[in-house]
Every structure is written in structure tokens, then in C-alpha cells.
Amino acid sequence: MKKLFPILMAVLFSLPLQAQSPDKISYQAVIRNSSGNLILSETVGMRISILQGSIYGATIYVETHNTSTNGNGLVTIEIGSGTPVLGSFESIDWTNGPLFIKTETDPSGGSSYSISGTSQLLSVPYALHAKTAESLSGELNETDPVFSASLAANISTVDTAYWNGKLDSFSEVDPIFDVSLASDITGTDTARWNDKQDQLSAGNGINISSSNIVSVSVLSQAAGDMLFYDGNNWTRVPAGTSGQVLKSNGTAAPFWGYYNGIFATRNSGSTTYLTSTIVNYDGAWVTITVPCAGTIEVIASVWTRIGHVSGVEDLLYLNIGTTPTDEGEIYTLHIHSVPASYPSSTNTSHSTMLTRKFNVMAGTYTYYLNGKMVSGANNDDSFWYASLRAVFY
């Protein structure tokens, strides 16, 4: 039995230098036999489907390929250039997502597809989405309603011919300044300004505002304190502690806190078999220490292998827990299934990403990747690889 190991879980896009946008998506995978050895320079059959809405959504496009692995066991195809079975690749509305790419493979080169996997198309290829611009034609007229309604729209070449003449004879008038007290200030007045300032000094409990001298309450104070003015009053901001930074939400008084840029990662490549009871993937845990209250988000990229028996539905639950036996609540579970109608296979490979958030206080926390087979458990079900990342913010 041969089996498919995807090495590129996200499709690759490129935009050649040509007038038309390309209707192709590059896809690569590595094929190995049941012993884990590469299948070199042999023909394989593949069926590619585009699904809309979910991994069980409507099939809007299907095509098939007959291709060969290279000397490294790598197979490369261009989705959009195969033999169409359903729909038209050029008519796919890439904006009407989410969209998923389903791949099915017959390692013997025929159409008995025994290996399948489905991945979400997480971003719309720029070159495909940009095809909407190709439908634009004719003259495009730009309008500026703000300019059209302004006085500037009525300026003519006759007006501009007189601009220099008008500026040469222009004299500035400031009616507001002319009637203000400032217009009567003389050189004699300004010479005495320093003397007037020297006569005014404010000590503790005194505030000088305009021509008013008023007493104010003296705030309690300590070394390292700061003052914040809220528009009406001064507020004391106590000194922070070592390692803290000053923060502000833009309106209230600033406060001291910790920089929220802490993260930790851990990878595991060992094999742990899945059973009908919850098990922890050996080595798939991550520990993080945080200095204050906040949120820890744990992200796990997981690869599993499911042994499938035709007629039996395989149902796998995955969870990020606080203990090696934490089964989690239903809203924290990630569910993957292989329908009973699928043909038997000792190795159906599946990759997925799951996340879970935890509200925490200052301290050290460890999180575990756990899983179990709810139905269809057999000796071929196992964790294959995982990468965990914990981020604090």
C-alpha cells in the first residue's frame, strides 16, 4: 500500500509577466510506501476537488491528473490544467468562500483513489482574484465632487493672469488684532516683561492661572511619582516596579504594566497511538511563564494518521488541555472524521490547526495536546507530528 505525505499544506501562487491572469494553482506532495520508503519515478492518479462552505460543502469543481513522481518521490501538478470532470476552473468565484481543496490519490496510477485529504484555502490567490480587473474596458472618468462644488472649480486662465498683479498691490488687514489689547503693546511694555515675571512665583499649594493666583491642594507624593493632568485636575501616578513599562489607553491616567510580548514553542515528532480513551501526544506540551494577568493563546499544528476500515466511520477528537488527560469542553474540541463510505486504508493522513485561549494570572502554565478516537479506533490510528506555540497578551 502506498501513501501520500503532503509537504506543502498551503497552495502556492505566482503571477507571470503577461496580460492574462493564470488559471492555475501549484500543488506538490511526496508519496511513500507502507514501509515509509519513497516511491520514485512511478505513475500516480490524482483527483482534485474545490469545495465551498466547509470540508463537507458543495463540490463546485473537479479535475483529474495522471502524473509521475520524480527521483525524490515528489509529485507536482498545476490545479486548473487537469482533465475537467465537473464545473469550470475559470468560472470559480474566489471571493465566495470559504473554499477548500480536496485531494484524492491512487498510488497505482489508476482512478481507485485510496488516499484523501482536505485543506482550507486560507487566502484567495492574488492572480486569480485580480481577474475581475480584466473585465474593465473603455474610458474611465474620474470625478471630484468636493472640487466641483468649491470656488476653485471656477478659476479660469483669465484669473490666473492677474494673480501676480493682485499680490503686488495686496496689503494685509487683521481686524481682530486691530481691536485687541495686543495692538497697543509697545517696545516699552515688552522691555518690562521680565520684571513682571520676576515678581510672580508659585510655591507649594499655589497655582497661577492667567491673572488669578489660587491655592490648590498639595498631593501626597513619593520618590518616582508622576503627575497626570486630566483637563481639570492633577492626578498622582505612583512609581512602578522593576521591569514594568508605562502604558496608556489614551484617555484615562497612565498606569504601569508589563510588556505583553511573551511566547514559547515546542515540537514533537514521536509516534503516539490513539485509542478510544483520551491520550496525550508524547512530547506535545508547552510551558510558559507570565508576569501578570492576561490571556494565553495556544496554537497547535497537528498531523495524524488514521487506519480506516470501509463501512466504519472514523471520528477523531483533538483538544488543547491543562493536563495530559484533559478532554476539554465541546466548544474547545477539534473534530475530524473519515466517512464510512471511504475505501479501507491503513494510513489516511490528516493535518489540521487548532487553538484554545486561557485567561490567567501571573505564574507558570503548561498545556498539552490530547486526543482520542470516538469511533473507528484501531491499531493504525496515531499522532504523527505536532508543533505547539503559546502566546501571552
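This is a predicted model: local features need pLDDT of at least 70, side-chain atom pairs count only at pLDDT 80 or more; totals for chains, interfaces and linings use all residues.

Visitor: Why is glutamate 104 called buried?

Guide: Buried means under 20% relative accessible area, exposed means over 50%, and partly exposed lies in between (1.4 Å probe, protein chains only). Glutamate 104 has a relative accessible area of 10%, so the residue is called buried.

Visitor: What makes glutamate 104 and arginine 47 a salt bridge?

Guide: The term requires a side-chain nitrogen of Lys or Arg within 4 Å of a carboxyl oxygen of Asp or Glu. For glutamate 104 and arginine 47 the closest N and O atoms are 2.9 Å apart, so the pair meets the criterion. Glutamate 104 is in strand S7 and arginine 47 in strand S3 (residues 43-52), so this pair links distant parts of the chain, 57 residues apart. Strands here are DSSP runs of E with at least two residues, numbered from the N terminus. The C-alpha atoms of the two residues are separated by 5.1 Å. Arginine 47, at 30% relative accessibility, is partly exposed.

Visitor: Which residues are in contact with glutamate 104, leaving aside neighbours within four places in sequence?

Guide: Contact means heavy atoms within 4.5 Å. On that basis glutamate 104 is in contact with Gly45, Met46, Arg47, Ser49, Tyr113, Ile115 and Ser116. Serine 116 is found in strand S8 (residues 115-121) and is buried, at 15% relative accessibility. Serine 116 in turn touches residues including Tyr342, Thr348 and Ser349.

Visitor: How many salt bridges does a search of the whole structure find?

Guide: The search finds 5 salt bridges. One of them joins aspartate 326 and arginine 356, with the closest N and O atoms 3.7 Å apart. Aspartate 326 lies in the loop between strand S19 (314-321) and strand S20 (334-338), and arginine 356 lies in strand S21 (residues 345-360), so the pair ties together parts that are 30 residues apart in sequence. Aspartate 326 has a relative accessible area of 16% and is buried; arginine 356 is buried as well, at 14%.

Visitor: Why is the pair of tyrosine 229 and tryptophan 234 called tilted?

Guide: Rings of Phe, Tyr and Trp (its six-membered ring) pair if their centres lie within 6.5 Å; planes under 30 degrees apart count as stacked, over 60 as edge-to-face and the rest as tilted. The search of the whole structure finds 7 aromatic pairs. In the pair of tyrosine 229 and tryptophan 234 the separation is 4.9 Å centre to centre and the planes are 45° apart, so the pair is tilted.

Visitor: How do you know that tryptophan 234 is exposed?

Guide: Tryptophan 234 has a relative accessible area of 51%, and is therefore exposed. Tyrosine 229, at 40%, is partly exposed.

Visitor: What sits over the ring of tryptophan 285?

Guide: A charge sits over a ring if NZ of Lys or CZ of Arg is within 6 Å of the ring centre and within 35 degrees of the ring normal. The charged end of arginine 266 sits over the ring of tryptophan 285, 3.8 Å from its centre.

Note on methods
Residues are numbered from 1 along each chain as its sequence is written. Side-chain values use heavy atoms; hydrogens and water are left out. Helices (H or I, at least four residues) and strands (E, at least two) are DSSP runs, numbered from the N terminus.
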